[in-house]
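Please open the structure in your viewer and keep the selection panel at hand.

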Amino acid sequence: MPTIFTKIINGEIPCFKVAEDENFLAFLDINPNAKGHTLCIPKKEVDKILDLDEETYIGLMAFSRKVGKALQQTVACKRVGMSVIGLEVPHVHVHLIPLNNMKDITFQHKVSLSDKEFTDLAKAIGAKVE
Ligand code: 5GP
């Protein structure tokens, strides 16, 4: 059974897309820790990051770096944190999270955004991805 993220890649489930290339996709987390919380995923469906082939692993890091830099320029924060967990969705994803304090990385505090805020944010971050 395909993961929810494969369904997003295939367009069966909508997302607020930030950026995409042949092998990777970035979109906003639907239940964000902070405004701008973005997920970067390989289109290849693999559960655990350490099981990725080296080329995909390095490609995912390079893609996440590009998106993270765009996020940093778009959302005011002290820094952008990167985290890989995967306890909820068994499809490799890098969390990019604008951080102002430790609670932003704990996944215990969430913010809610309107559809318009999600749409505008995804567009604004995506426009800065080089
Ligand atoms: P993890 O697997 O790293 O513990 O967390 C999975 C993340 O994916 C969570 O932050 C959750 O909010 C996000 N997520 C789960 N389902 C969806 C979805 O259908 N769309 C989007 N955009 N994010 C999702």
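**The helix pair**

Begin by selecting helix 2 and helix 3, whose crossing is right-handed. The model is a predicted one. Helix 2 spans residues 54-74 and helix 3 spans residues 115-128; the two pack with their axes 8 Å apart and at an angle of about 120°. Helix 2 is therefore oblique to helix 3.

Next, display the side chains at this contact. On helix 2, select V67, A70, L71, Q73 and T74; they meet A124, I125 and K128 of helix 3. By class, the residues of this contact comprise five nonpolar, two polar and one charged.

**The largest nonpolar core**

Now turn to the largest nonpolar core, which has 26 residues. Select V18, L28, C40, L60 and V67, the residues with the most contacts inside this core. At least two core residues come from each of strand 1 (17-20), strand 2 (24-28), helix 2, strand 5 (94-99) and helix 3. Helix 2 provides the largest share, five residues.

**Around L28**

Centre the view on L28. Which residues is L28 in contact with, leaving aside its neighbours within four places in sequence? They are F16, V18, G36, H37, T38, F118, L121, A122 and I125.

**A second core**

Finally, select I8, L25, I41 and V89, which are included in a second, separate core of seven residues.

Notes
Residues numbered from 1 in each chain as written. Predicted model: local features only at pLDDT ≥ 70, side-chain atom pairs only at ≥ 80, totals over all residues. Heavy atoms only, no water. Axes fitted to C-alpha atoms, helices over the stretch in contact; angles between N-to-C directions. Helix = DSSP H or I, 4+ residues; strand = E, 2+ residues; numbered from the N terminus. Parallel < 35°, antiparallel > 145°, perpendicular 65-115°, else oblique. Left-handed = near helix turned anticlockwise from the far one by under 90°. Contact = heavy atoms within 4.5 Å. Nonpolar A, V, L, I, M, F, W, Y, C, P; charged D, E, K, R; others polar. Core = buried A, V, L, I, M, F, W, Y, C linked by side-chain atoms within 4.5 Å. Buried < 20%, exposed > 50% of the residue type's maximum accessible area, 1.4 Å probe, protein only.
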